[in-house]
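Here are my notes on this one, jotted down while going through the model. Have a look at the structure first, then at the points below.

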Amino acid sequence: MMLVTRTIKYDADRVKGFGREVMSVPGCEQLSHCIQCGTCSGVCPLSIYMDYTPRQVMALTRADFKNEVLRSHTIWLCASCYACAVECPREIRITDIMYELKQRAIHEQIYPRHFPIPVLAREFSQMVLKQGRITELLLVLKLFLKTDWRGALANWRMGWDLFKTGRLSLAREHIQQRADLERMLAGVDGNQGAGP
Amino acid sequence: MSATNSNHLRIGFYICHCGHNIGAVVDCPAVARYVEQLPGVVLARDYKYMCSDPGQELIEKDIAEFRLNRVVVASCSPLLHERTFRSAIQAGGLNPFFFQMVNIREQDSWVHADPVAATEKAKALARAAVARVGLHCALEVHQMPINPAVLIVGGGIAGINAALTIARAGKQVYLVEREPSIGGHMAKFDKTFPTLDCAACILTPKMSEVGVHPNIKLWTYSEVTRVEGYVGNYQVTVQRRPRYVNEDLCTGCQECIAQCVYKEPKFPDRFNEGLGKRKPIYIPFPQATPQVVVIDPEVCLNFKRGQLTGKCKQTCLAACGERQAINFRQQSQLEQVQVGAIIIATGFQTFDARRVPQYGYGVFPNVYTALEVERLVNAAGPTAGEIVLRDGRRPESIGVIHCVGSRDQKTHAWCSRVCCMYSLKLAHLLHEHSGAELYNFYIDIRTPGKGYEEFYDKLLDEGVHFIRGRVGEVTDWAMTPEEENKLVLRVEDTLAGFVRRIPVDMVVLATGLEPQADAPAVRRLFNISCGSEGFFLERHPKLAPVSTFTDGVFIAGACQGPRDIPDTVAQAGAAAAEVLALIDAGHIEQEPNTARVIAEACSGCKTCLPLCPFTALTWDEARQQAVVNDALCKGCGTCVASCPSGALAQGLFEDEQVFAELEGLLNDSLQDTAP
Amino acid sequence: MKYAYFPGCSLKGLGRAYEESLLPVMKHLGVELEELQDWNCCGATAYMAIDEAKACVLAARNLALAQAGGHQQLLAPCAACYLVLNKTKHYFHEYPAMKATVDRALAAINLSYDGNVAVRFPLEVLLTDIGLDALKQHVRRPLKGLKVAPYYGCQVVRPYAEFDDQYNPTSMDRLLEVLGATVVRFPLKTKCCGGSLTGTVPEAGIRLVYILHNEARKRGADCLATACPLCQFNLDAYHSHLTAQYGPVVVPAVYFTQLLGLALGLPAEQLGLDRAAIPFLWRPPEPAPPPATQTEPMTAASGPKYS
Amino acid sequence: MNPVVNKWQPRIVAFFCNWCTYTGADLAGVSRLKYAANVRIVRLMCSGRVDAQFIVAALARGADGVLIGGCHPGDCHYAEGNFKMLRRFELLKRMLADLGIEPERVRLEWISAAEGEKVRRVINTMTEQLLRLGPLQLPQRRAEWDRELEPVSAATPTQSL
């Protein structure tokens, strides 16, 4: 039997105003100028793994397809290499738009469970918030624990290499004025641009 | 002030809605109601389109019926319709200068979004005009004779066409071209789209006609260095660079070239975009006009660093024999001419592909610019039309990348307009000449022209691949065996929705059109403007596309913006028609805005004399006073503003008129009484 | 020459060989580095994905610390730190709202930032502040015969770096040439190393590393020179994964500072060269005139042969 | 801020030359660029025609600022009228400063026929600047001076500027 799915989009599938909202965030203003030339996808090293190409993400965002965009793998596959932003003929800061979309997806908790990238981002930020610095080993261990503990086993060889060459350290890194961080960030309105 | 003598004044005020252009922002009836109660105003009307025939007739009728002696129209910019309304007022029996225009479209309704603020501004501007117009005087238009000769700068297809049109009308034309031959870019093209007629076949007859036409004085290898004067009476200086060959004596036999001590051509050939070679003595291309050889002192053995040394055997002299056309001592020469009008047709240059490093021009030998390919496919080109690459290979697959340097904020924001069509043409020719597989990479295909879309359809039928996507990069690193030793293009096939890597042997970059590098200098020379992108600025984008803000100076062709051959030829014709209309009128009407000396006030301080760049101010020894030569005065008013005794005045811009205008602008005490 | 020094977390952890080579090299060249007191993590790319405003505030604290210490220049050798600190600077100047947020947050901990501290990258300092001519005078043991693929990665030149070309950077090429090395044309010099995707989405991330390794091998490079701790880590630490999937990996990845150290004649064991999983055993030949106070433990001039 | 001050809008009189700046202002209109409605433009053939008296008269009649727009140096339709204006302008600025009028209130800008965007920018920034400076109120101030001088004026009648 042939499985078929309907791909038509109805106007009700749009979250109207989403595109405008994204374009009002610092760094994302140029999106309205996109001419869908595909340069971003053409230079993106990860576009070949994405469910939507970066160009499509631009089109979907501008057309208010919020759910499609925030659920896409694309935003998590962006490695922040900025190739697209540098090459875009309309000077759209695509990388920054990807960050904005990631923020919204995390804020609204719509990303695949156990998907390691948002987990890494979250663990990273929590560690920075608490300690002020990153202890790489702890970060990696947490990541594996929360996503795929078998992954840790598969990487034992690398761990051994790192240990052997003295690059893994269990000493917990932190800054002295940890209270400062909290005071400093207390006044910062998180997710300024993010919608409800 | 303005109200003092308002008793005899009978001012008619008209405000134009201009459809929604003004009416949607400015409350026109309210402005009319407000103006109606100003001193001296006997009637105020608002009307949909004042510039229409009924609008003008309305003014004429009112002048008679209400015995109006002054008229104010609030509508668009005076630069657009001042003449229109002056004529209407004249038709109504009034002196045309008993009129003032108020700009409430370009400088009010189009630039302000708030209707209240825009309406208040319109009232203030109207108040100022009403205050001013009462002080207007009856003036007469002066007539100046016009020199019927014409200067045309640039000998490309635009300059050639304009020159022939004007010369055929019996006028003297001076055609100045920087290169050793006329022909411009078109002479380099192989075929022209969409008809695929041979560029040389349609251009050469016109070039020859220019060369022999009795009314055309052709100066190639020359540049305009100085322009003085004004419409109807320009003095132009042209510098003729030495070509070391006497044009009148050279017969174009080219025996000197054959006999040159360089047995083989050795130096990059500019005409062939550096793909071919030439000797130090050369003729740019077989159909060159004039058919006169040129010596390049940079590489000729007889010169060192441009200085004559006489170290060569000078076999060319022997070859020329008793014709004695070659003259190593030729010097640069200056020519002076008087003309009444000027057409600038200096064309464009192509975008430097090195500015887009990701496409590898200059790094990978098999990446070509479109202009290079024009020479490559040309039967008279360096490879006689064979598609042989720089590394000697013959391509089996070719990628044409559109929009190189165009539609890109980092290079040029504009669409260069011709690249889609010439890319299609080159794809067709490359396919025809090499049998290679052709890929066109485009963002949008733009084929708006007669027969253009049909040409695109023909290419589709020929099996040329069209991939909608802007190429990310051209690179030489291979991922798969078939990519080895190829140029690889990574691109999103946006219509298929995935990224592709496409290996090709040759890449063609469809470089865009940009202003000539010396456009800013040329602009200064002729006192015209450039747009922000650097092309020459037309007087009005729709209604005066070949005129400039300088009377008597016209523009044609790609110096005004990217355009193809049919449009360029049409523009050249339009510029020629404008010039002929100007000349055949026989005289020029001069605005009565010249300066005059108020004799009783002049103290004879001579402050004004050095201020006039046109030497219109002279010293009358007998009366010990300054005198204005009306024929020379251009009407800037600089001397008027500088006279310490107030002894100079300017027509249309009298001091009292400006003061009245300021009073009107700022005195809003009348506001309170307005309904 | 004196700079505030912002090592960042990586240079204290996985990328410690970078710091271990950078510090002696700079000292040798007379550049004084003063580590920023109580610096905090720059936030890196991960924090940008959570909250841009907080990310900027975090990074701005470091800029404010530099300013409080009286510094005009802040050296950030980690590419990610360099980018984030620069981005923060740009946002600070471009968006008044962001500046207000940063000002407020910093005021809460009695710090302030006026937007003036320059963020500098070691390559930039070496080329513009010291200069290649001056550097050349310091080269004791030229890297003669060593073929290097210069690998800049992404964030050193994109999108904010002003010291080099975004499309075809050459600062490291020129440096390596002065050091006597042979620079191979490496078209992938600014391509992505996979970043953290090597760990999170290995099928994509590790393939990017493979592409870099494969091209470096094909171009005949003896080593890849890197300027970023994450690049070096990806190119080096995943060698067993790469071997299992694509065959043996043979091109070691070193920091450009390590090569610089070797050329300056600094002892190899003091440059953190033993921290690489793919060993880099090549050493420059002994200088001809003998100030032979130090002898190298490794056999000189017999670098590994690669095919 | 005081709401009364907020409501006040500065008035700018602009003297634009016919060939460059006035045309540039037309271009701003054709391009539908939006700018502050505080400016009223007076068209002259050349910035060289801008008499120092015009500027003083505008201020004396209640303008809060005066903007003069001419062609870029070297581009003057009449060769050098803009330079003549520049010379006069430097002198006038010093004189106005002596009178206690802030230099920001009188501004000279070179704006070409192609620079509609610059017209917008200059008018907007000048409006903001004047909003910060507050009203000039020269007519009212003059009336005050006149009152102060009343005893004297019995002998010599005051003249308007």
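**Cysteines, chain contacts and a helix**

1. Start with B:Cys420, which is buried at a relative accessible area of 9%. Keep in mind that this is a predicted model. B:Cys420 takes part in no disulfide, and the nearest cysteine sulfur, from B:Cys403, sits 5.9 Å away.

2. So which disulfides are there? A search of the whole structure turns up two over all chains. One links B:Cys198 and B:Cys201, with 2.3 Å from S to S. The torsion about that S-S bond is about 90°, so the disulfide is right-handed. B:Cys198 counts as partly exposed because its relative accessibility is 23%, while B:Cys201, at 53%, counts as exposed.

3. The other disulfide pairs D:Cys20 with D:Cys71, S to S 2.5 Å. With a torsion of about 100°, this disulfide is right-handed. D:Cys20 is in the loop between β1 and α2 of chain D and D:Cys71 in the loop between β3 and α4, so the pair ties together parts 51 residues apart in sequence. Both cysteines are buried.

4. Chain D has no contact with chain A, their closest C-alpha atoms being 18 Å apart. Nor does chain D contact chain C, where the corresponding gap is 17 Å.

5. Finally, helix α3 of chain A (residues 54-62) has buried residues including A:Val57, A:Met58 and A:Leu60. Their cover includes α7 (94-107) of chain A and β27 (487-493) of chain B. After the helix comes A:Asp64, with a positive phi near 70°.

Terms used. Residues numbered from 1 in each chain as written. Chains lettered and ligands numbered in written order. Predicted model: local features only at pLDDT ≥ 70, side-chain atom pairs only at ≥ 80, totals over all residues. Heavy atoms only, no water. Buried < 20%, exposed > 50% of the residue type's maximum accessible area, 1.4 Å probe, protein only. Helix = DSSP H or I, 4+ residues; strand = E, 2+ residues; numbered from the N terminus. Contact = heavy atoms within 4.5 Å. Disulfide = S-S within 2.5 Å.
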